[in-house]
Amino acid sequence: MPRRNGVLQFTGPVPADADPALHKDATILACSNALAAAEAQLAEGEGLSAILTLTVYIAAEPGFTAHSKLADFASEFLKSRLGERGIGSRAAVGVATLPGNAPVEVQLVAAV
């Protein structure tokens, strides 16, 4: 979720005619939080060896078709943080709603 200090920073569905760039910050924040959650599970001395899957859920109004562009923002963020380890399979999924009326949610599956 695009939260900072537990507070949702972006709300509402992505409008059908939205410029994907307007939702870049929300997507990157959600991805950053997902990565931090994965890293928080590591034992001392462990590190992430790879992001296996990235799933970006987008609460979008009917007619929005740029789901993959929002996923691109998350992929670019992971690559910038982890290099080649940040590149795995990915999916961009449109949904009717997300918890708290968030516009995006990111799920990661990582290998240690």
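In this predicted model, helices H1 and H2 pack against each other at an angle of about 45 degrees, and their axes are 9 Å apart. Because angles from 65 to 115 degrees count as roughly perpendicular and those under 35 degrees as roughly parallel, an angle of this value makes H1 oblique to H2. The crossing in which H1 passes H2 is right-handed.

The residues that form this helix pair can be followed on both sides. From H1 come Lys 24, Thr 27, Ile 28, Cys 31, Ser 32, Leu 35 and Glu 39. They meet a set of residues in H2, namely Leu 70, Phe 73, Ala 74, Phe 77, Leu 78, Arg 81 and Leu 82.

Strand E3 comprises residues 50-59 and is joined to E4 by seven bridges, and the two strands run parallel.

Which residues does Thr 27 contact, once its neighbours within four places in sequence are left aside? Thr 27 lies in helix H1, and its contacts are Leu 70, Phe 73, Ala 74, Val 104 and Val 106. Among these, Leu 70, Phe 73 and Ala 74 belong to the H2 side of the helix pair. Thr 27 counts as buried because its relative accessibility is 0%, and buried means under 20%.

Attention now turns to charged side chains. In general, side chains of opposite charge can pair when their charged atoms come close. How many salt bridges does the structure hold? There is one. Its partners are Asp 72 and Arg 90, whose closest N and O atoms are 2.8 Å apart. Asp 72 lies in helix H2 and Arg 90 in strand E4, so the pair ties together parts that are 18 residues apart in sequence. Asp 72 counts as partly exposed because its relative accessibility is 25%. Arg 90, at 35% relative accessibility, is likewise counted as partly exposed.

Asn 5 is found in the loop between strand E1, residues 3-4, and strand E2, residues 7-8. The phi of Asn 5 is near 55 degrees, which is a positive value in a residue other than glycine. Asn 5 has a relative accessible area of 78% and is therefore exposed, the cut-off being over 50%. Asn 101 is placed in the loop between E4 and E5. Although Asn 101 is not a glycine, its phi is positive, at about 70 degrees. Is Asn 101 buried or partly exposed? With a relative accessible area of 42%, Asn 101 is partly exposed.

Conventions:
Residues numbered from 1 in each chain as written. Predicted model: local features only at pLDDT ≥ 70, side-chain atom pairs only at ≥ 80, totals over all residues. Heavy atoms only, no water. Pairing = 2+ DSSP bridges. Helix = DSSP H or I, 4+ residues; strand = E, 2+ residues; numbered from the N terminus. Buried < 20%, exposed > 50% of the residue type's maximum accessible area, 1.4 Å probe, protein only. Contact = heavy atoms within 4.5 Å. Salt bridge = Lys/Arg side-chain N within 4 Å of Asp/Glu carboxyl O. Axes fitted to C-alpha atoms, helices over the stretch in contact; angles between N-to-C directions. Parallel < 35°, antiparallel > 145°, perpendicular 65-115°, else oblique. Left-handed = near helix turned anticlockwise from the far one by under 90°.
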